[in-house]
Amino acid sequence: MEPQIKKPEFTDNDLHGIIEAVLQKYERNLPRGIKVKRYFAEDISSIKCDQAQLNAAFSNLVENALEAMGSKGVLTIRTAVVEKIIDKSVKRYVEIKFEDTGKGMSEQELANLFKPFESNKPGGTGLGLVITRSIIEQHQDQIKIESKEGIGTVVTVLLSTKR
């Protein structure tokens with residue numbers, strides 16, 4: 001039973017502004033050992049999206065990364081315009097990568113990531129990534145998570161440039 005996310009209301013938004021607002025929420029209270037790095041592509045101006053929904057999705061991804069790192073590590077956010085071949089045509093996307101140097105996840109943890117009510121966190125509801133994926137999918141976009149135990153996790157979000 002996945003949570004129902006309302007249909008996105010697409011408006012022109014500054015993607016980097018959305019990411020910055022999310023990061024500023026957390027940066028005020030970061031432990032000294034945590035660093036946040038940004039590598040924002042200059043060729044991304046605005047994107048049609050639901051700002052509130054992406055804010056919620058990105059907040060969850062940043063929060064998960066920070067929790068995985070504890071008191072020491074690096075969170076890197078990268079944006080780029082990429083082209084992917086999908087259904088025999090080339091489509092342009094804005095790619096956002098959230099890379100952390102946290103504890104990483106096992107294959108079993110990765111397999112259960114998007115299962116509702118499955119959580120590795122004490123007191124976790126197991127709904128954060130389920131909601132995040134639902135938001136991204138409601139935007140008709142994609143999310144992919146790669147992780148290695150002891151190394152870290154990379155979450156890649158692809159947002160369509162055409163709406």
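Hi everyone, let me start with a term: a crossing of two helices is left-handed if the near helix is turned anticlockwise from the far one by less than a right angle, and right-handed if clockwise.

What we have here is a predicted model, where local features need pLDDT of at least 70, side-chain atom pairs count only at pLDDT 80 or more, and totals for chains, interfaces and linings use all residues. Residues are numbered from 1 along each chain as its sequence is written, and side-chain values use heavy atoms, with hydrogens and water left out.

Let's look at α2 and its two neighbours. Helices (H or I, at least four residues) and strands (E, at least two) are DSSP runs, numbered from the N terminus.

First, α2 (residues 51–69) against α4 (residues 128–138): their axes are 9 Å apart, at an angle of about 140 degrees. Axes here are lines fitted to C-alpha atoms, for helices over the stretch in contact, and angles run from 0 to 180 degrees between N-to-C directions. That angle makes α2 oblique to α4; under 35 degrees would be roughly parallel, over 145 roughly antiparallel, 65 to 115 roughly perpendicular, and the rest is oblique. This crossing is left-handed.

Which residues of α2 meet α4? Among them are Leu54, Ala57 and Leu61, and on the α4 side, Leu129 and Ile135 are included. Contact means heavy atoms within 4.5 Å. Ala, Val, Leu, Ile, Met, Phe, Trp, Tyr, Cys and Pro count as nonpolar, Asp, Glu, Lys and Arg as charged, and the others, Gly among them, as polar.

Now turn to α1 (residues 15–27). The axes of α1 and α2 come within 9 Å and cross at roughly 45 degrees, and these helices are therefore oblique to each other. Their crossing is right-handed. In α1, Ile18 and Val22 are among the residues that meet α2, whose partners include Leu54 and Phe58. This contact has ten nonpolar, three polar and two charged residues.

So that is α2 with α4 on a left-handed crossing and with α1 on a right-handed one.
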